[in-house]
Amino acid sequence: MRGGHAIAGAVAVFFLVSGLCGAVCEVSYCSEDCDPCVQQCKCRHNCNHGFLDFETAHRLASYRLIVAADPQGGVVRTFSELVGLSLDFADGQREHAAGDFSRFARGVIEVNTDLIPTRSGPWTPDPVETFETAIVVPFHRDGTEDSLSFLFDRRGSLVEIDEVRPRSRQDPR
């Protein structure tokens with residue numbers, strides 16, 4: 001029984017390390033006795049070391065949504081506790097410039113139109129704001145007071161998304 005726990009622990013560590021390093025692997029256990037030199041084995045191990053596809057790298061899959069009243073009578077929607085969205089997973093581990101943050105935020109908007117509505121008009125990026133411990137990518141809608149901002153930590157992980165809609169522009173979603 002202990003051998004099973006050791007194998008399960010090793011597999012869990014492998015998946016954790018692979019996920020953090022940007023590797024995407026399909027791993028399978030094969031109990032078939034075969035010698036690849038004599039016959040063709042039926043078991044396959046496919047590894048595709050690389051980055052996540054565009055949609056997966058930008059999809060809001062796990063988050064906490066808080067909807068609150070704005071002091072001016074509008075609505076503030078906050079997506080927090082985001083899991084897995086980062087520039088490193090999308091683009092690879094490297095130094096990220098301000099344009100990379102803005103491009104990544106636009107990708108999140110594009111992939112998540114069911115959560116971040118665009119039917120009232122497109123979101124226009126404003127200049128990226130750089131702080132000592134964070135990066136903020138703000139957006140606005142032309143002709144409205146609607147705003148959308150993406151908060152990243154300095155390593156490129158998306159921490160929070162805030163959308164502010166004035167009372168006159170509230171969307172039922």
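Leaving aside neighbours within four places in sequence, which residues is Asp70 in contact with? The views below start there. This is a predicted model, in which local features need pLDDT of at least 70, side-chain atom pairs count only at pLDDT 80 or more, and totals for chains, interfaces and linings use all residues. Residues are numbered from 1 along each chain as its sequence is written, and side-chain values use heavy atoms, with hydrogens and water left out.

**View 1. Asp70 sits in the loop between β3 (64–69) and β4 (75–80).** Beyond those sequence neighbours, Asp70 is in contact (heavy atoms within 4.5 Å) with Val75, Val76 and Val164. Its relative accessibility is 13%, so Asp70 counts as buried (under 20% relative accessible area, with a 1.4 Å probe and protein chains only). The Asp70 side chain also reaches the backbone nitrogen of Gln72, at 2.7 Å.

**View 2. Strand β4 and its antiparallel partners, β3 and β9.** Here 6 bridges join β4 to β3, and 5 join β4 to β9. Ala69 stands opposite Val75, while Val76 has Val164 of β9 as its bridge partner. In the β3–β4 hairpin, with 5 residues between the strands, Gly73 takes a positive phi near 95°.

**View 3. Both faces of β4 are covered.** Val75, Arg77 and Phe79 are buried on one side, and Val76, Thr78 and Ser80 on the other. Because 6 of the 6 residues of β4 are buried, the strand is largely enclosed by the rest of the structure.

**View 4. Glu81 lies in the loop between β4 and α3 (87–91).** Look for its positive phi, near 50°, in a residue other than glycine.

Key. Helices (H or I, at least four residues) and strands (E, at least two) are DSSP runs, numbered from the N terminus. Buried means under 20% relative accessible area, exposed over 50%, partly exposed in between (1.4 Å probe, protein chains only). A polar contact is a pair of N or O atoms within 3.5 Å; within protein, one must be able to donate a hydrogen and the other to accept it, and residues adjacent in sequence count only if both atoms are side-chain atoms. Two strands pair if DSSP finds at least two bridges between them.
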